[in-house]
There are 2 protein chains.
Amino acid sequence: MGAIRYELIKKCKQTGARLGRVYTPHGSFETPAFMPVGTQGTVKGMSPDELKEIGAEIILSNTYHLYMRPGHDIIREAGGLHSFMNWDRPILTDSGGFQVFSLSDLRDITEEGVTFKSHIDGSRHFFTPEKAIEIQNSLGSDIIMAFDECVPYPCDYDYVKKSIERTTRWARRCKEAHKNTEKQALFGIVQGSTYRDLRIRSAYEMLELDFPGYAVGGLSVGEPAEEMYEMLECTVPLLPEDRPRYLMGVGSPDYLIEGAIRGIDMFDCVLPTRIGRNGTVLTSRGRIIVRDAAYARDYSSLDPECDCYACRNFTRAYIRHLLKAREILGLRLCTLHNLKFLLDLMKKVRQAIIDDKLGDFRKEFFSSFGYKSI
Amino acid sequence: MGAIRYELIKKCKQTGARLGRVYTPHGSFETPAFMPVGTQGTVKGMSPDELKEIGAEIILSNTYHLYMRPGHDIIREAGGLHSFMNWDRPILTDSGGFQVFSLSDLRDITEEGVTFKSHIDGSRHFFTPEKAIEIQNSLGSDIIMAFDECVPYPCDYDYVKKSIERTTRWARRCKEAHKNTEKQALFGIVQGSTYRDLRIRSAYEMLELDFPGYAVGGLSVGEPAEEMYEMLECTVPLLPEDRPRYLMGVGSPDYLIEGAIRGIDMFDCVLPTRIGRNGTVLTSRGRIIVRDAAYARDYSSLDPECDCYACRNFTRAYIRHLLKAREILGLRLCTLHNLKFLLDLMKKVRQAIIDDKLGDFRKEFFSSFGYKSI
């Protein structure tokens, strides 16, 4: 018995998308699932109660950030991340790999690990696969991630080849270092940039290590959508049917639907919270920038089809005023609405899988939302 | 019949403090009452639901700020401030006088009104008593305030004398301009700096104008607490028993208790929200600066005697982390707690009046909170 179990409930006959449920030590969540991102142990602007109210069943937090501040020792002392942040549902933490490679200027990669400078105070730190697991063991998250290298796009073929080989060796070390397999499930991460053969090779190497779940990493980093979909199409079918598959860092509405159609079960992205804080909201008719002067006298709700707290109680004119006046409630309402929009979208995707109509849903959604389907 | 009615329920036999209830077109509130401040049509960081949950019965908003942004025409179009900000309980708006005199660099006072520069874009504006009432009529607040001059402390006797004479003339013009007396109650404001004779004279002049409620303005602007208390002691007894008395801009715990003892029914202050955003919280054992390193590993709640959402669910260590990481939830929780602390304090004050023990309560409170009673 491991820490988690994936139950495949059914597949959409129209698209092959999977409806499932993942059981963890802190309860279960339905898939395909969108995970709101709580980088620093809080989903920016939201309280845990609000996250529950809008239907979040699992959230993600970032190992790199929590290691830097407040430090994983403080979180361990508090009884783990669930207790520290008062979130009793499942939590997934990343390994810190992505942040080490993207946030730190100075970094030095060796076989042993990565030396990097803190984005907060410039202090030097050394991350190894063992260190990334030790920190995540302290955090006590239900799903933890192997320490990997996430290469930029585009990236030289030979570099990516060396990188995935090292990422495999690091994944093995993570597996060996992981001491808490009954309470925390360690996922392996398939890398390989946009090279089909390297993605396939990385997938097979991860499969050999027999993880309770698999992630596809290093996508949505600047490559065209078609290349992302191609990478999913060549790797996801190799992954075992009885384990969850997680597409890392992806969360725009089109990617969520296209990812689910390609067999992905889990997604995370800062998009809804980040654009919400800047006053952009996702609606059933497409994105709107509520800060725009066009909404100064618009006394309708953000989205007529939404029943979130923001849409039930406030007008675009009021929310625009709050944003212009830099009032906190403005970004709270936009963040809440955007998260609800994506969580509701996943609910609709799951219903469409039940109805064997995800292909039809995709077409309808893209025509009303204003995205092109591919 | 006017817009509001004050019911005097009882007086504390130990102190003379008044327990009462004010009835308005948007429901009633118990007095002595603390009004959270929603300067720009939102109590910073809070949602209307949260304000209700912590027991706020009336809030204050600022005419100057709403006139500047979004503009009172937009709020009128939205159906008034209650509808615009989704707050269905009583609202009091100030007249803009205080902000015109304190926020604007360039200002030019004549008998007709005040010319000043916007704190947002430097544009020039002209406020008159009639304009202040017109704006407040557009906002639709239950209690509106006369346009007055709030002089700085200290201030030359002769200037204050001229100023209160003008403030009386302006109050008369406000009363004449007020078109919505059945829905909005206009309060007169007693000024006079720290000069007993001028305070008394201002009070008598306001009484002659027969307002449905009276405010004491221009205190807590830098003068010693003793002088503030002296001013209350010489003016409040002159005010009619059957009208509410409002001490403007005052909200530290000691001032609330001392004000109630001197016959004040209503208070407002940005203190709990402002210090909350900076990570200072009011507790039953005194103020604590949660940002301090001392609380990094303090896994107790902000205040063991508080049952607010912040205290029920989070530790000082977590809230400190949020504040250090500049996370919005941190200032939300501190703001919520501080407001609850003051609203609870007023509840205790009202109970002490019922029990005829407000003097005992004052002594106890000051010894545990760490303030000196005078």
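Reply: Take the second largest cavity, where about 40 Å³ of space lies. On a 1 Å grid over the protein atoms alone, a cavity is a set of points where a 1.4 Å probe fits but cannot get out, and lining residues have an atom within 4 Å of a point. Grid points are joined across faces, edges and corners, and a volume is the space filled by probe spheres set on the points. A word on conventions: this is a predicted model, in which local features need pLDDT of at least 70 and side-chain atom pairs count only at pLDDT 80 or more, while totals for chains, interfaces and linings use all residues. Residues are numbered from 1 along each chain as its sequence is written, chains are lettered from A and ligands numbered from 1 in the order in which they are written, and side-chain values use heavy atoms, with hydrogens and water left out.

Me: Which residues line the second largest cavity?

Reply: Its lining is Val151(B), Pro152(B), Tyr153(B), Ser193(B), Thr194(B), Gly218(B), Leu219(B), Val221(B) and Glu223(B). By class, that is 5 nonpolar, 3 polar and 1 charged.

Me: How do I read the overall build of a chain?

Reply: Begin with secondary structure, where helices (H or I, at least four residues) and strands (E, at least two) are DSSP runs, numbered from the N terminus. Chain A has 15 helices and 16 strands. Its radius of gyration is 20 Å, close to the 21 Å that the globule rule gives for 374 residues, so chain A is as compact as a globular protein of that length. The radius is taken over C-alpha atoms, and the rule is 2.2 Å times the number of residues to the power 0.38. Along its principal axes, the C-alpha trace of chain A spans about 60 × 50 × 40 Å.

Me: What share of the residues of chain A count as buried?

Reply: The share is 63% of 374 residues. Buried means under 20% relative accessible area, exposed over 50%, partly exposed in between (1.4 Å probe, protein chains only). A contact means heavy atoms within 4.5 Å. In chain A, residues 24 or more positions apart account for 67% of the contacts with a separation of 6 or more.

Me: How should I read a helix against its surroundings?

Reply: Start with the geometry. An α-helix has 3.6 residues a turn, so residues three or four places apart point the same way. Now look at H9 of chain A, residues 225–235. Its buried residues are Ala225(A), Met228(A), Tyr229(A), Met231(A), Leu232(A), Cys234(A) and Thr235(A). Their cover includes strand S11, helix H8, strand S12, strand S13 and helix H10 of chain A.

Me: Is Ala185(B) buried or exposed?

Reply: Ala185(B) counts as buried, because its relative accessibility is 1%. It sits in strand S11 (residues 185–190) of chain B. Beyond four places in sequence, Ala185(B) touches Ala3(B), Ile4(B), Asp142(B), Ile143(B), Ile144(B) and Pro212(B). Ala185(B) and Tyr195(B) are 10 residues apart in sequence and 28 Å apart in space, C-alpha to C-alpha.

Me: Where does Leu8(A) lie?

Reply: Leu8(A) is in strand S1 (residues 5–11) of chain A. With a relative accessible area of 32%, Leu8(A) is partly exposed. Its contacts, leaving out residues up to four places away, are Arg18(A), Leu19(A), Gly20(A) and Glu241(A).

Conventions
On a 1 Å grid over the protein atoms alone, a cavity is a set of points where a 1.4 Å probe fits but cannot get out, and a pocket is an open set with protein on both sides within 12 Å along at least five of seven lines; lining residues have an atom within 4 Å of a point. Ala, Val, Leu, Ile, Met, Phe, Trp, Tyr, Cys and Pro count as nonpolar, Asp, Glu, Lys and Arg as charged, and the others, Gly among them, as polar.
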